[in-house]
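Please work through each task before reading its solution.

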Amino acid sequence: MAVASIAHYEFPAKDRVENFHGNQLVYLHWEDHLMFCAPVAFPLPPTMSFRGMIENVLTPAYSPHPDFEKIDWAAVRWTLDDVVVEPEWERSLAENKVGHKSLLRFITPGLEGIDGKHF
Amino acid sequence: MNAETKIERKAKKLGLKERYGHLTRGLGWETTYQPMDKVFPFASYEGIKIHDWDAFEDPFRLTMDAYWKYQAEKERKLYAVIDSFAQNNGQMKITDARYVNALKIFLTGVSPLEYLAHRGYAHVGRHFVGAGPRVACQMQAIDELRHAQTQMHTISHYNKFFDGLQDPRHMFDRVWYLSVPKSFFEDAMTAGPFEFLTAISFSFEYVLTNLLFVPFMSGAAYNGDMATVTFGFSAQSDESRHMTLGLEIIKFMLEQDPENVPIVQRWIDKWFWRGYRLLSIVAMMMDYMLPKRVMSWAEAWGIYFEEAGGALFEDLARYGITTPKYADVASKEKDRLTHEVWSTFYNYTHAAAFHTWIPNDDELDWLSEKYPETFDQLYRPRFEHWRALQEKGERFYNNSLPQLCNVCQIPMVFTEPDDPTKLCLRNSEYEGDKYHFCSDGCKDIFDYEPKKYIQSWLPVHQIYQGNCGGSTMPEVLDWYGIKNGSDNLDYEGSPDQAVWNEWTKSAHKAVG
């Protein structure tokens with residue numbers, strides 16, 4: 001039973017990708033940096049390159065944190081929807097299999113927030 | 001008049017039970033022109049089996065006469081207090097203007113729920129087959145409408161002096177964090193009548209109600225807000241009747257058929273979790289927003305859920321009902337919940353219809369004392385960092401929109417039950433799409449009825465779909481009805497703070 005209903009109940013999902021005007025939703029989360037209280041959400045074109053996303057989306061979102069400028073990008077570990085991945089920066093989000101409502105988490109070894117307090 | 005007629009007249013006077021019988025006479029009729037299931041279509045689809053509707057007697061029936069009299073008296077007293085509050089500038093007798101932000105949350109987040117409760121109870125009152133539950137629900141519908149009215153009348157006095165109280169109904173339907181209480185109630189109202197009563201009457205009003213009343217009404221009393229205390233008292237006698245309905249309806253379902261037990265248990269699990277998540281904003285108020293604190297959230301959870309709820313679920317064990325699923329997770333979260341939620345509103349105060357602030361030194365020390373295991377280790381450093389930024393004129397605001405839980409609609413801010421340093425992020429796939437949740441509790445709710453929750457109106461997604469007035473922050477704030485620069489942003493530097501400082505200065509001058 002997918003819903004308890006008095007009658008036939010069939011509606012399309014409210015957040016299906018067609019409703020986002022050519023964009024798809026992407027969620028980003030920087031592990032151990034809870035100064036940003038939750039992962040952040042962006043509508044992005046699937047053709048955007050991974051590098052473009054880092055430079056134009058992720059950087060403005062997270063650069064207010066003092067750890068941000070210390071990130072060694074070569075050492076960053078990524079997960080995409082709970083699976084460990086190694087993104088190809090010059091390829092698009094779609095080519096990197098970042099889909100609608102995908103969650104990309106990044107872990108920055110050695111950086112665990114201000115005073116190592118996960119913040 | 002002789003002695004005989006006197007005796008006759010006395011004998012004719014009806015007892016309370018008989019009078020109630022006459023009041024409700026004929027309400028439980030069997031239909032003849034149309035089949036019963038067409039007239040009462042909601043009575044059976046949830047799977048609850050009722051063999052004898054008359055076994056549910058309205059728990060209020062013996063107090064019905066007194067009810068009308070007391071309600072009228074309570075109204076007179078309430079409006080007398082409101083008048084005197086207004087005439088004596090009661091708004092100046094509160095502890096501190098920061099307190100008013102708790103009222104802003106109440107008026108925009110809770111009072112519209114009272115109105116929805118009115119609608120919900122009127123609806124299920126129509127759709128139950130038995131006269132007992134129908135009358136009980138209709139009476140409660142009247143109470144709930146009265147609560148919505150008295151709350152708006154009482155709090156409206158503050159609207160003359162402080163920002164953010166100007167349009168609570170408009171905000172309730174639009175502002176991002178108000179989708180949390182709104183979705184909670186709409187989820188209940190779009191369920192069947194038995195689930196609605198389990199959700200609202202039992203799980204919320206019976207099990208969790210003290211956690212709403214202690215912070216709001218005791219908080220009001222501690223902080224000099226006599227207007228709110230008065231509507232609290234005025235509502236409280238109604239609440240005890242509502243709680244009775246909550247417990248009676250659960251027992252009624254459980255006693256009618258053993259097959260009802262697993263259905264009721266699932267609803268108790270679901271609505272405990274949704275109710276608990278809804279209370280997180282109230283929890284935050286207890287620890288952060290009352291200038292004079294009543295007790296900490298962790299203490300309140302210990303007394304009102306772990307102890308009182310523990311005893312209740314021991315009582316219900318004879319029916320085969322167990323403590324709600326994930327109650328243990330709520331207990332694990334009690335030392336961190338409020339700090340996480342206050343941090344969230346601190347992140348997003350620019351989009352809220354109330355102010356936030358960094359607790360002062362005394363308040364930080366109170367939090368350290370109440371949360372010895374977590375506060376100094378994890379949360380004090382955050383506030384000290386943010387305070388240092390603020391002192392440099394660089395108040396931190398999170399300028400990105402947060403990912404939301406698809407069920408409770410709260411940003412995904414809660415941490416793993418066993419690790420307060422890692423966010424708890426869960427997801428499911430349904431018909432090829434991904435859905436995200438803040439907890440196993442919310443994920444379970446989705447997984448059982450995905451077709452319902454794929455329809456969730458998630459504020460962040462709605463903004464990105466272009467349904468909230470525009471794509472820029474000023475456009476969205478305008479659509480919300482939030483006045484930028486006065487209703488939102490930090491308390492420090494707000495017009496509320498300025499007017500309060502001006503008053504307290506003149507009060508000191510007048511005294512001194």
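This is a predicted model: local features need pLDDT of at least 70, side-chain atom pairs count only at pLDDT 80 or more; totals for chains, interfaces and linings use all residues.

Residues are numbered from 1 along each chain as its sequence is written, chains are lettered from A and ligands numbered from 1 in the order in which they are written, and side-chain values use heavy atoms, with hydrogens and water left out. The model scores ipTM 0.98 and pTM 0.95.

**Exercise 1.** Determine how α5(B) and α8(B) are oriented to each other, and which residues meet.

*Solution.* 
1. Helices (H or I, at least four residues) and strands (E, at least two) are DSSP runs, numbered from the N terminus.
2. Axes are lines fitted to C-alpha atoms, for helices over the stretch in contact, and angles between N-to-C directions run from 0 to 180 degrees. For α5 (residues 100-127) and α8 (residues 179-189) of chain B, the angle is about 10 degrees and the axes lie 10 Å apart.
3. Angles under 35 degrees count as roughly parallel; α5(B) and α8(B) are therefore roughly parallel to each other.
4. With contact meaning heavy atoms within 4.5 Å, the residues of α5(B) that meet α8(B) include Leu113(B), Leu116(B) and Arg119(B), and their partners in α8(B) include Phe185(B) and Met189(B).
5. The residues of this contact divide into six nonpolar, two polar and three charged (Ala, Val, Leu, Ile, Met, Phe, Trp, Tyr, Cys and Pro count as nonpolar, Asp, Glu, Lys and Arg as charged, and the others, Gly among them, as polar).

**Exercise 2.** Locate Asp115(A) and Gln409(B), and decide whether each is buried or exposed.

*Solution.* 
1. Most residues other than glycine have a negative phi.
2. Asp115(A) has a positive phi of about 55 degrees and is found in the segment after β5 (102-107) of chain A.
3. Phi of Gln409(B) is near 70 degrees, and this residue sits in the loop between β1 (401-402) and β2 (415-416) of chain B.
4. Buried means under 20% relative accessible area, exposed over 50%, partly exposed in between (1.4 Å probe, protein chains only). Asp115(A) is exposed at 67%, whereas Gln409(B) counts as buried at 5%.

**Exercise 3.** Describe the elements and overall shape of chain A.

*Solution.* 
1. Chain A has one helix and five strands, in the order β-β-α-β-β-β.
2. Its radius of gyration (taken over C-alpha atoms) is 17 Å, well over the 14 Å that the globule rule (2.2 Å times the number of residues to the power 0.38) gives for 119 residues, so chain A is more spread out than a compact globule.
3. The C-alpha trace of chain A spans about 55 × 30 × 25 Å along its principal axes.

Definitions and conventions: Angles under 35 degrees count as roughly parallel, over 145 as roughly antiparallel, 65 to 115 as roughly perpendicular and the rest as oblique.
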